[in-house]
Structures are given as structure tokens and as C-alpha cells.
Amino acid sequence: MLAGDPIENEWFDRILPLAENNQHEEIIKITLSYWDNIPEPKLEKDFSYHLIYKLFYSHLKLKKFEEAKIWLEQFEGFNYKKADRYDGGEFEIAKGNYLWETNKPEEAIQSWGLADKKTKGQCFRSVQAQLAKSIYKKIEKKGESPSEKKPKVTKKEIKKICELGSEHMEKNDFAEAETCFTKALELLPDPAADHEFYHWIMASLGDACLSQNKLKESESHLLEATKGMVDNPYVWLQLGRTYRLQSKTKKAADSLMRAYMIDGEKIFEDSQDDFDFLKSKVKL
């Protein structure tokens, strides 16, 4: 199987056990050494995003607000387009967290609101967004709720909406399918990511978006789906195709190779272009 960037993997392997033990000082020390070795323009590199994110939150957890502000400013300047990375409102969530911790609650809520509008509520899924989720979603502004209260629905009702989405997919009515899957996602009880349908819905959303050539959205949904469907070859195939169509060749080859390792050549029966691409990158 193809590996990711060895430097990124090395960094991740070093900080993971430290993060589990809340050793933030050591995380900062190690991460700064990697940051110093990234060539300019740093803010156009995908790896920089991960380093900035970790440095900001590590300082914030240590209540080192001046240092956290420095990395928040780097976060604000990060060039998602040049780095070829989907903007999921992470900066606005981070800024809101910083403002809340520095006793500026109104400004914090405004920043979280920007993230909410930018991502239509999808920004609240991450661990770092739990503060925003617990506070922002309970606030009412001028008679309107920043986040509508979810109606109580049964698992059977959510399943019916998903089945309707699948029917639309079979009819090539991909926009309607996306609407159904989005509605099903919105109806999942909090925390949505813990629901048994969550990763399947994310995979279905990715599939619907890919079918409409909405590649950035598809990538985001499928990446989320892989967290709970790591052994599903179809999800890796679709993610690989999304990467390939965006000319992200390294990530495409890695994802397609994962699909191949799980299900062999069979998974490519209806996607010869993907298989030809993989064979051009990897000796099978």
C-alpha cells in the first residue's frame, strides 16, 4: 500500500501518544521543529495546516494566549486554495474558541456563527468544535435561533429518507439524492457522528456530490466516511476518483490502492479509468 508523505507520517506518529497524554509542551516543541523546516511559502502547504492547527490548540490548552494568537493569525492567513484544501470553517471555530477563552463571548459567538453559515452547520462535527456546539447552538439572536432545534424522529424515519435518496441515485437524480441525504444527516440526534447511520450517510453524500462533479464537497464527505468504513472498498474507490479528478495524484493512488487491497481488481469492474490510473502509478 502506498504511504502518505513520510515526514507528515513521522510527525503524526510522534505527537499521537503525546496528545493522548496531554503533553502539550512536548507537542509544541516537536511541531515547531517541523514548522521550521517547511519551505516558503509555508501557508500554501497542506502539511502547514496540520502544524498550525496543532500549535494553536496546544497553546490554547496551556492558556498561553499570546502564543495562541500568533498561530491563530497564521491560521487566518492559510491559503486553502493554493494548498488545495477544503475550507470547513476550522479557522472561524478556532477564532471563536480563542475569543471565548479570552473573555469575549459575544465576538466568539459571532465567529462561530460565520462558521455555521459557511458550512451550513457541518463545522460542528470536530472535537475542537464541541465548545462552539454546546454554546452557540443554544443562543438566540434577535428572535431567530442560530441553529434550528432538531425535531425528534425515529431511526425508521431516517432510514426511509436514506432509502429515498438511494432511489434518486438509481434514477440519476443526484441533486435530489443529495437533498435527501443532507436532510437525513440533519435529523440524526446529537452527537451525530456516534449514530450508526452517520458514516453511511456521509459516504452517500460523497457519492451524490461526486456524481454532480462537486469534487470538494465529495472529498470532504468521503474522507469523513472512511473514519467509520475503513474496510469498505467502494468508499476508497470513490475517494480515489475524487482525488484523481482533482489531479491529486498521490492521494488518488493511495486511496485506489486501498480499494484494491481490500477487494482486488473486482472493485474496478465499472471504473476502468481508475484502474488504468492506478496501474500507471503502482506495479500491481
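This is a short tour of a predicted model, going from the whole chain down to single residues.

**Start with everything showing**

You'll find 15 helices and zero strands. How does the radius of gyration sit with a compact globule? For 284 residues such a globule would come out near 19 Å, and the protein has 20 Å, so the two agree.

The accessible area is about 15,800 Å², and carbon and sulfur atoms account for 50% of that. Buried residues make up 44% of the 284. Colour by charge next: there are 45 positive and 50 negative side chains, and the centres of the two sets lie 2 Å apart.

**Go inside: the largest core**

Hide the surface and select Trp11, Leu51, Phe56, Phe75, Ile93, Tyr98 and Trp112. These are the residues with the most contacts inside the largest nonpolar core, which has 39 residues. To see where that core comes from, colour helices α1 (6–20), α2 (24–36), α3 (46–61), α4 (65–77), α5 (80–83), α6 (90–101), α7 (105–119) and α8 (130–136); each gives two or more residues to it. Which of them gives the largest share? That's α3, with eight residues.

Zoom in on Phe75. Setting aside residues up to four places away in sequence, Phe75 touches Tyr49, Ile52, Tyr53, Tyr80, Glu90, Phe91 and Ala94.

Then select Leu205, Leu237, Ala253 and Ile267. They are among the members of a second, separate core, this one with 36 residues.

**Stop at Trp100**

Find Trp100 in helix α6. Buried or partly exposed? Trp100 is partly exposed, because its relative accessible area is 29%, and buried would mean under 20%. Show its partners too: beyond its neighbours within four places in sequence, Trp100 is in contact with Pro105, Ala108, Trp112, Leu131 and Ile135. For a distance check, draw a line from Trp100 to Ala132: they are 32 residues apart in sequence, with 9.1 Å between their C-alpha atoms.

**Finish at Lys81**

Last, select Lys81 in helix α5. Lys81 counts as exposed because its relative accessibility is 78%, and the cut-off is over 50%. Draw one more line, from Lys81 to Lys227. The pair is 146 residues apart along the chain, and 24 Å separates their C-alpha atoms.

Definitions and conventions:
Residues are numbered from 1 along each chain as its sequence is written. This is a predicted model: local features need pLDDT of at least 70, side-chain atom pairs count only at pLDDT 80 or more; totals for chains, interfaces and linings use all residues. Side-chain values use heavy atoms; hydrogens and water are left out. Helices (H or I, at least four residues) and strands (E, at least two) are DSSP runs, numbered from the N terminus. The radius of gyration is taken over C-alpha atoms; the globule rule is 2.2 Å times the number of residues to the power 0.38. Buried means under 20% relative accessible area, exposed over 50%, partly exposed in between (1.4 Å probe, protein chains only). Accessible areas come from the Shrake-Rupley method with a 1.4 Å probe; for residues, only the protein chains shown count as cover. Lys and Arg count as positive and Asp and Glu as negative; His and the chain ends are not counted. The place of a charge is taken as NZ of Lys, CZ of Arg, CG of Asp or CD of Glu. A nonpolar core is a set of buried Ala, Val, Leu, Ile, Met, Phe, Trp, Tyr and Cys residues joined through side-chain atoms within 4.5 Å. Contact means heavy atoms within 4.5 Å.
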